[in-house]
Amino acid sequence: FQNIPQNATLAQRSKTRAVSPNEASIKISDGNIGLTFDGSSGLMRGMENQKYGIQMESSIDFLVYNSSNGQGQNSGAYIFRPEGTLPLLNRGDKLNLTVVEGPLFSEMRQTFAPWLHLSTRVYGNRDWAELMWRVGPIPFADNLGKEISMRVSSSVSSGDEFYTDSNGRDMLKRVVNYRPTWDLQVSEPVAGNYYPLTAALAIHDDKSEMAVLLDRACGGTSLNSGDLEFMVHRRILADDARGVGEALNETECGCRDCHCAGLRVAGTTGLVLASATDGPGLRRQVQARKESPLVTAFRAITSMDRVSPLSGIQGKFPDNVSVMTFHAQDAASILIRLAHMYQAMESSSHSRTAKVDLQSLLPGKQITEIHEKSLSANQDLGSITGTTVVSVDPMQIRTFVVKHKPASSSSSSSSSLAGGLAAAF
């Protein structure tokens with residue numbers, strides 16, 4: 001190694017080992033999150049969040065639905081219609097477990113099948129777990145299409161109620177085998193309770209909340225009390241007669257009517273467990289990280305000199321508001337959208353009107369005009385004068401065009417630099 005400062009600390013290596021079937025209980029824990037696994041079966045059996053004092057039985061498994069084919073409506077690209085009852089994956093007597101422990105995270109790797117793997121990871125600086133799954137190629141030697149879902153089971157007493165997101169914004173209450181505006185005649189007990197998800201699926205009771213935060217759109221449900229289920233992969237051999245004219249049989253080589261291996265799919269899902277009071281706040285925090293992850297960039301340096309920190313935000317910014325858009329229209333105006341992250345009555349501490357000082361988003365600049373716009377920014381809703389502070393109500397999105405000029409020369413050079421950085425976005 002070259003050019004390492006004398007006070008630098010070298011990274012520690014992680015330790016990896018196979019788990020013996022004789023180990024009755026293996027726990028991985030970093031920070032507040034702890035997960036317990038059964039060495040004999042290879043399954044997870046418990047989860048805890050010490051920060052909120054929540055501990056409960058919990059497990060993760062995969063379901064394999066055989067796609068309906070030749071019995072009326074087929075499953076396909078547009079239709080989910082499984083055949084038969086709820087099928088658990090045939091995973092043999094036990095799962096192969098490998099535990100990885102390092103300075104930054106701990107991880108348990110499970111092999112459910114040669115084509116199905118799950119790594120469950122906990123970090124020392126996070127209050128949730130990450131589920132990193134790899135599925136495929138889905139086998140079809142039995143000439144049956146298959147639709148694979150992951151199911152997280154817990155002791156949350158959610159009954160027949162669960163919550164799904166609406167385009168990442170409102171959380172909508174769902175009830176198994178029920179519709180609020182008509183009497184539902186249940187003919188599809190599984191597919192009829194699947195709902196579209198873009199961000200989150202959650203359950204709760206009086207004491208705790210559990211949720212999964214997604215990295216892509218999919219379908220999901222909670223067919224049993226305490227369960228969270230969502231689709232991860234599909235391979236179907238028949239067409240659903242909805243206009244595409246081909247089966248959802250995607251392969252690695254791009255053909256359809258062939259024997260090539262099917263696609264492999266990988267994803268990362270956040271798993272949140274918290275108290276009923278703090279659950280919505282933690283869920284929204286993880287959702288924001290999933291939707292807008294931190295982007296890291298690097299540049300070449302000529303020395304190991306310490307770089308002075310700078311920020312595009314000056315002062316404290318409300319933790320229940322996100323900056324949805326920050327776009328420089330020209331050298332003197334910026335389009336800003338502010339979105340409240342919570343809906344009314346969702347959180348006792350966060351579902352409140354927030355005050356945002358637009359000046360805090362433009363350090364080193366002086367705001368000269370503020371014009372509120374419609375959501376699409378093509379209609380003027382009026383000007384804001386006499387203040388740079390605006391309010392944002394729960395679930396509200398407000399759009400502004402802010403005109404600015406350089407601040408006075410008395411501003412610090414660091415503020416000017418930060419303002420220039422912000423205006424470049």
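At 26% relative accessibility, Cys 260 is partly exposed, a class that lies between buried (under 20% relative accessible area) and exposed (over 50%), taken with a 1.4 Å probe on protein chains only. Cys 253 is likewise partly exposed, at 45%. Cys 218, by contrast, is buried, with a relative accessibility of 16%.

Cys 260 and Cys 253 are joined by a disulfide with an S to S distance of 2.1 Å; the criterion is a pair of cysteine sulfur atoms within 2.5 Å. The link between Cys 253 and Cys 260 is right-handed, with 115 degrees about the S-S bond. The count under this rule is one disulfide.

## Basis of the model

The model is predicted: local features require pLDDT of at least 70 and side-chain atom pairs pLDDT 80 or more, whereas totals for chains, interfaces and linings use all residues. Residues are numbered from 1 along each chain as its sequence is written, and side-chain values use heavy atoms, with hydrogens and water left out.

## The five-stranded sheet

An open antiparallel sheet is formed by five strands in the order β20-β21-β26-β23-β24. Strands are DSSP runs of E with at least two residues, numbered from the N terminus, and two strands pair if DSSP finds at least two bridges between them. Strands β20 (321–330) and β24 (380–383) stand at the edges; each has a single partner strand, so one side of each lacks a neighbour in the sheet. From one strand to the next, the twist averages 30 degrees, based on axes fitted to C-alpha atoms, with angles from 0 to 180 degrees between N-to-C directions.

Within this sheet, β21 (residues 333–340) and β26 (residues 397–406) run antiparallel and are joined by seven bridges. Ile 334 lies opposite Val 402 in β26.

Technical notes. Helices (H or I, at least four residues) and strands (E, at least two) are DSSP runs, numbered from the N terminus.
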